[in-house]
Amino acid sequence: MTVREVEVALGERSYAVRIGPGLRHTLPEIVARLGARRVAVVSARPPEWTPDPGVESLVIPARDGERDKTLAWVEELCRRFADFGLARGDAVVACGGGTTTDAAGLAAALYHRGLPVVHLPTSLLAQVDASVGGKTAVNLPQGKNLVGAYWQPAAVLCDTDYLRTLPDREVTNGYGEIARCHFIGAGDLRGLPLAEQIAASVALKASIVAADERDAGRRHVLNYGHTLGHALERATGFRLRHGEGVAIGTVFAGRLAGELGRIGASRVAEHREVVAGYGLPTRLPAGVAAGELVDLMRLDKKRRTGGGLTFVLDGPRGVEPVPDVPEHAVSAVLAAMPREGG
Ligand SMILES: NC(=O)c1ccc[n+]([C@@H]2O[C@H](COP(=O)([O-])OP(=O)(O)OC[C@H]3O[C@@H](n4cnc5c(N)ncnc54)[C@H](O)[C@@H]3O)[C@@H](O)[C@H]2O)c1
Ligand SMILES: [Zn+2]
């Protein structure tokens, strides 16, 4: 069995992300190394797929999905930890999609002011992105991921066996994040075995997180393709999955960089080819007006930066945030983008 290992280098908070088949069976070694006497296993997978930590444990069944990514669920998890008698020296295990690792990660960060958490991400998106880097969060009615903490896991086990039961659309969703890695430093991953694509995407994220754990600068490049991606998710009432929005947003980022004279025509074309090559959508969905997308992007940015459209774009110095992109350029590129059914 081939196991790949990526180190997230964060000093005394460093940890390993391991990628390969059957890795859930190595959880007891990780728990033993942590010295945990008891473990709460928050699992969104069925019992036969829920990992055994090898010590006294409480399994808390969870549901993946945004509807349980709430403070109420985090409180419920903490109450069950307390009823079980979880205390310092113990640990939490999170097994599920990114919604489950985010919520259980936040519960671990808060309970007793922080217990070690081991992530076993079960979706492709969670393996390449959500479980690595230490951001945890839950949603509020006012918006997604508004309440959270930085809480690095003690270890991440990307057991590729989990992906065998993943629906096709969720596989595609994860590829949206892998495709954008092509342009932010991972190089060409097309045609490689899936485990290698996961490892390369994780290695890229690990290197960026190690340089900028708390999102002060470099970590922004991870948002490649995300500005339009987020607007598309919202404009379609989340009918488009996150990775699909990022895919279309990546094609758009290439075209916008071309429009601004930052990259040449062949690099623009490469964006579409790479995204299409992963079986991802490249065209704007039907029925979403360009004006609405610009409004959504402007709103999104205003909240964060106080005005001006900023995009993470490719260019002569590589990928970097580009502030004050003129709105007419954005509108022109959107108007020229191919459309579904058009
Ligand atoms: N913390 C971070 O840095 C970070 C980064 C990216 C995304 N996220 C968060 O991650 C979440 C998205 O993650 P996601 O796409 O995994 O969503 P998810 O947790 O909702 O899972 C997606 C779907 O896949 C199903 N699923 C998961 N594993 C499965 C398996 N092995 N077999 C069959 N079905 C399975 C789930 O039941 C669900 O229907 C979002 O809430 C996002 O905010 C966090
Ligand atoms: Zn993303």
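How many residues of domain 1 are in contact with domain 2, and how many of domain 2 with domain 1? In this predicted model, 21 residues of domain 1 are in contact with 18 residues of domain 2. The points below take up the domains, the ligand, the nonpolar core and one glycine in turn.

**Domains and their contact**

- The chain is divided into domain 1, residues 4–166, and domain 2, residues 172–336.
- Taken over C-alpha atoms, the centres of the two domains are separated by 27 Å.
- On the side of domain 1 that touches domain 2, two or more residues come from each of strand S1 (4–8), strand S2 (15–20) and helix H4.
- Helix H4 provides the largest share of that side of domain 1, namely 5 residues.
- By class, the side of domain 1 that touches domain 2 has 12 nonpolar, 6 polar and 3 charged residues.

**Annotated region**

- An unreviewed UniProt entry carries the annotation "domain: 3-dehydroquinate synthase N-terminal" for residues 62–172.
- Over residues 62–172 the chain is 35% helix and 27% strand, with its end C-alpha atoms 23 Å apart.

**Surroundings of ligand 1**

- Ligand 1 is surrounded by 24 residues, of which the closest are Gly97, Gly98, Thr99, Ser123 and Ala130.
- Helix H3 (98–110), helix H4 (124–130) and helix H5 (168–186) are the elements that give two or more residues to this shell.
- The shell around ligand 1 has 12 polar, 7 charged and 5 nonpolar residues.

**Nonpolar core**

- The largest nonpolar core has 96 residues, and those with the most contacts inside it are Val42, Val92, Val93, Val118 and Val202.
- Both domain 1 and domain 2 supply at least three residues each to this core.
- Val202 touches Val6, Val17, Ile19, Val128 and Val132, when residues up to four places away in sequence are not counted.
- In soluble globular proteins, nonpolar side chains tend to be buried together.

**Gly229**

- Gly229 is found in helix H7, which covers residues 226–235.
- Gly229 counts as buried because 25 other C-beta atoms lie within 10 Å, where 20 or more are required.
- Apart from neighbours within four places in sequence, Gly229 is in contact with His242, Gly245, Val246, Ile248 and Gly249.
- Gly229 and Ile198 are 31 residues apart along the chain, and their C-alpha atoms are separated by 21 Å.

Conventions
Residues are numbered from 1 along each chain as its sequence is written. Chains are lettered from A and ligands numbered from 1 in the order in which they are written. This is a predicted model: local features need pLDDT of at least 70, side-chain atom pairs count only at pLDDT 80 or more; totals for chains, interfaces and linings use all residues. A residue is near a molecule or strand if its C-beta atom, placed from the backbone, lies within 6 Å of it. Helices (H or I, at least four residues) and strands (E, at least two) are DSSP runs, numbered from the N terminus. Ala, Val, Leu, Ile, Met, Phe, Trp, Tyr, Cys and Pro count as nonpolar, Asp, Glu, Lys and Arg as charged, and the others, Gly among them, as polar. A nonpolar core is a set of buried Ala, Val, Leu, Ile, Met, Phe, Trp, Tyr and Cys residues joined through C-beta atoms within 7 Å. A residue is buried if 20 or more other C-beta atoms lie within 10 Å of its own, exposed if 12 or fewer, and partly exposed in between; C-beta atoms are placed from the backbone. Domain bounds come from an automatic or database domain assignment. Two residues are in contact if their C-beta atoms, placed from the backbone, lie within 7 Å. UniProt positions are given in the numbering used here, feature names are shortened, and annotations may be inferred rather than shown by experiment.
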